[in-house]
Amino acid sequence: MKETAPDDHIGAASTGVAPPQYHSDTELAGTEEMSGPGCSSPLSLSGTLNKRSGSKRSNNDEQEPNVEVTLDLLDDDSVAVRSVKPLPRGGDEDEHHHNTDDSLTLLGGDSKAPEKSNDQSFVRTASIRIKQELKKLASFSKQPQQRRRFDRMQSAAAPALKGLKFISKTDGNAEWPAVEKRFDKLTGSTNGMLLRPAFGECIGMNKDCKEFAGKLFDALARKHGIKGDSINKEELKEMWGQVSEQGFNSRLQIFFDMVDKDGDGRITVGEVKEIISFSASANKLSNIQKQADEYAALIMEELDPDNLGYIMIESLETLLLYGPQETVVRGKESRNLSKMMSQKLKPVREDNPLRRWYRSTNYFLEDNWQRVWVMALWIGIMAGLFAYKYVQYKNRAAYQVMGHCVSMAKGAAETLKFNMALILLPVCRNTITLLRNKTKLGVAIPFDDNLNFHKVIAIGISVGVGIHSIYHLACDFPRLIKADSDKYAPMKQFFGEQPANYWFFLKSVEGVTGIIMVVLMTIAFTLAAPCFRRGKLKNLPQPLKRLTGFNAFWYSHHLFVIVYTLLIVHGEYLYLTKEWYKKTTWMYLAVPLLLYGGERLVRAFRSSIKPVKIVKVALYPGNVLALHMSKPQGFRYHSGQYMFINCVAVSPFEWHPFSITSAPGDDHLSVHIRTLGDWTQQLKTVFSQVCQPPPSGKSGLLRADCMQGNDLNFPRVLIDGPYGAPAQDYKKYEVVLLVGLGIGATPMISILKDIVNNIKAIEEESENALESGMASSGGPVSLHGNFKTKRAYFYWVTREQGSFDWFKGAMNEVAELDHNRVIEFHNYCTSVYEEGDARSALIAMLQSLNHVKNGVDIVSGTRVKSHFAKPNWREVYKRIALDHTNAKVGVFYCGPPALTEELRQLALDFNHKTSTRFEFHKENF
């Protein structure tokens with residue numbers, strides 16, 4: 001059986017510029033039916049073996065020869081080449097059929113010996129190329145998971161194929177005016193000529209992409225026959241037209257030309273290595289840059305199986321077609337639901353202001369009812385105390401002399417007593433952890449907001465101090481000094497002889513203690529402000545910079561030991577109260593001070609009797625120090641909790657909180673500490689002195705491990721904890737969304753380990769119950785009955801590739817143990833340009849290839865495949881809402897405050913407009 005294929009078909013399968021046609025199973029099956037089952041019949045195809053456009057041609061530019069290819073379809077579905085015969089150059093196919101015996105002679109035209117030799121060489125080359133392409137087809141057909149047509153519009157790689165953009169967010173010539181404006185600015189001093197180093201900036205590329213932009217300039221210059229390192233505006237416009245071209249084939253050709261720097265139409269291993277290095281540099285992927293040789297060899301091994309030493313443009317496109325294999329293609333119904341949800345989530349403007357106010361108020365109360373009732377209760381208590389004192393002093397003789405000023409001052413003083421007592425309770429961490437773990441109060445009390453409530457109370461104290469001080473100094477005291485003798489007479493029992501000036505009040509015990517308290521509280525409150533505590537004030541003089549940072553906040557807060565002592569003294573020497581039972585300051589403070597003091601004693605006692613031994617230390621890229629230590633006997637904690645760490649070698653007084661990254665089931669404790677301040681920097685320094693470069697196969701820049709028999713003298717470390725945190729409540733949700741930003745992934749790693757351990761334990765309990773027959777007889781309740789999580793989505797977003805080393809071992813372990821695929825991992829490296837950008841195209845190709853062959857992601861070094869740029873959080877929520885309708889989803893975020901508001905607002909939006917309820921919890925640092 002013979003049939004003649006179009007010229008471009010066989011050309012695409014060998015060396016032509018057209019894309020290769022990958023056959024699906026149905027097409028191969030159809031061919032089998034034509035030849036009959038179980039037989040080996042020839043299939044003949046003929047066409048032109050076109051050379052790639054832009055490749056070198058002979059001077060006489062002769063017409064390309066045609067060949068006829070005869071293929072055998074074998075019993076095992078493989079295809080074999082029977083023969084490759086040249087077709088006549090000027091004749092027709094009938095003339096060719098009469099001369100089939102001489103398969104190496106071209107009929108028609110001149111048949112001189114040298115030409116015959118050239119044709120023989122051409123046919124041999126064509127035969128090798130065709131066999132190479134058939135091997136590729138066979139490799140695709142033999143893999144069950146790959147048995148599909150690689151169609152650009154239907155394959156999972158379609159998004160990547162529609163991409164390969166050289167400029168982000170461009171729309172053809174619509175952006176040319178902006179490019180022209182930059183050209184005029186950059187060429188002002190170069191006589192209208194744009195230099196090669198400024199090309200990337202001119203067309204809108206990031207400054208980090210200078211090397212990549214230079215390669216792009218060279219490729220476009222070769223294509224347009226431009227020599228030299230400068231171009232004029234017209235040449236730039238031609239280049240811009242090609243760079244901004246929306247057709248994929250055009251962009252693929254540019255990318256190929258960038259790799260093929262000598263323009264011979266072939267890509268060698270050296271050229272592949274160079275473009276890998278440039279792409280890795282543009283995306284700040286230092287590890288890939290170091291392994292460019294290895295990855296170049298991997299690409300050549302896959303695309304050059306015959307060891308020709310080069311690959312063609314079709315091979316490059318084949319690599320593109322690997323695409324992201326995990327892309328989920330939803331059915332028609334799911335796509336319709338997605339569109340409906342998108343329409344529903346669009347904001348609708350309510351014209352009626354009353355309805356708009358009612359709806360927003362209703363949403364606010366629905367989302368914040370816990371905070372609302374706590375704040376309402378607090379404000380109500382303060383209002384009641386203030387009104388009580390105001391009325392009390394309004395009915396006393398002092399009111400006749402000092403008027404409403406004394407009532408205002410005493411009312412504010414009563415709220416101050418209450419708030420100075422209350423502000424201690426939110427920082428009683430042991431008590432809060434106990435209430436969170438052992439009671440159901442967390443349903444009504446927002447324990448996650450304890451520090452926020454602590455800050456709100458501090459504002460209330462500031463307002464109370466202001467009112468109390470101003471009304472005493474600016475109103476009460478002047479009225480006492482200026483009062484006539486008759487009016488002042490009732491006041492003699494409290495103040496003695498009428499004072500003549502302010503000094504009488506300032507030198508008294510009440511005045512001295514009051515002024516000192518105001519000064520100390522002003523210092524503590526100022527240094528606790530975020531701009532000081534986080535060291536955001538960069539323009540301060542060098543001596544004042546010592547007043548910023550965590551250390552200044554930490555030590556200044558201990559001034560409150562003096563403040564509380566003075567407050568008790570101040571309360572004992574009141575101007576207008578002499579009876580001891582009416583002096584209520586100590587009554588307010590007694591219980592909170594005893595509770596807080598007891599907690600501090602327990603903290604000191606517990607940390608001293610529960611010593612820990614450092615067993616392993618590792619220093620990772622990104623200034624992250626990992627400490628693995630022994631677990632003290634009786635130290636029980638939940639995933640997501642944190643503990644305080646003290647290192648005597650750094651400071652005997654400072655304790656700093658860090659999330660626990662080990663799981664409760666582990667036999668050790670671990671924390672990962674990023675050096676962001678003075679204390680953490682010193683901690684890294686003292687442990688670095690003990691560490692050595694890691695042995696082969698171990699991650700980390702420096703490492704020390706006692707488990708390997710090394711006798712190491714680590715600095716002494718004390719721990720205190722554990723303490724409750726928002727993330728520990730993940731178990732009560734069937735679906736959880738875990739989001740970690742940078743080092744904020746620390747509590748999430750512990751949770752991931754715990755999820756796997758709990759699922760494994762539940763499965764073992766079920767197996768044991770079945771074996772013992774307890775399942776049918778209603779045996780004992782499972783110890784894991786409070787564990788409800790059935791699905792977890794983990795999103796880790798980090799700027800640097802080296803960050804993935806922090807938890808590489810833990811993530812690989814979780815991925816290996818998660819047999820039921822309960823956890824869905826999403827790692828994002830924001831230094832890499834978005835998928836579809838030409839600057840990351842080769843990285844994406846290499847990533848897919850290495851993951852398919854070796855099961856390892858080249859960016860993260862784990863089994864989890866990484867994504868590029870930042871996640872689309874709205875799409876993340878939308879997908880979870882579609883997959884889990886009518887479900888309650890726990891959203892847990894740990895990281896800088898920047899992302900908090902976006903994630904919280906998205907949770908509220910989806911709560912109001914979908915049947916899925918997202919409950920947002922955050923932990924900022």
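Mentor: A residue is called buried under 20% relative accessible area, exposed over 50%, and partly exposed in between (1.4 Å probe, protein chains only). The model is predicted, so local features need pLDDT of at least 70, side-chain atom pairs count only at pLDDT 80 or more, and totals for chains, interfaces and linings use all residues. Residues are numbered from 1 along each chain as its sequence is written, while side-chain values use heavy atoms, with hydrogens and water left out.

Trainee: Why does Asp883 count as partly exposed?

Mentor: Asp883 has 36% relative accessibility.

Trainee: What makes Glu824 and Arg879 a salt bridge?

Mentor: Their closest N and O atoms are 2.4 Å apart, so this pair also meets the limit. The pair links distant parts of the chain, with Glu824 in strand E17 (residues 823–829) and Arg879 in helix H33 (residues 873–883), 55 residues apart. Helices (H or I, at least four residues) and strands (E, at least two) are DSSP runs numbered from the N terminus.

Trainee: Are Glu824 and Arg879 buried or partly exposed?

Mentor: Glu824 has a relative accessible area of 14%, so it is buried. Arg879, at 22%, is partly exposed.

Trainee: How many salt bridges does a search of the whole structure find, and how far apart are the closest N and O atoms of Glu366 and Arg917?

Mentor: The search finds 18 salt bridges. Glu366 and Arg917 form a salt bridge with their closest N and O atoms 3.5 Å apart. Glu366 belongs to helix H16 (residues 353–394) and Arg917 to strand E20 (residues 917–924), 551 residues apart.

Trainee: Why is helix H8 called oblique to helix H11?

Mentor: Helices H8 (residues 210–223) and H11 (residues 269–282) pack at about 135°, with their axes 8 Å apart. Angles under 35 degrees count as roughly parallel, over 145 as roughly antiparallel, 65 to 115 as roughly perpendicular, and the rest as oblique. The angle of H8 to H11 therefore makes the two helices oblique.

How values were computed: A salt bridge is a side-chain nitrogen of Lys or Arg within 4 Å of a carboxyl oxygen of Asp or Glu. Axes are lines fitted to C-alpha atoms, for helices over the stretch in contact, and angles run from 0 to 180 degrees between N-to-C directions.
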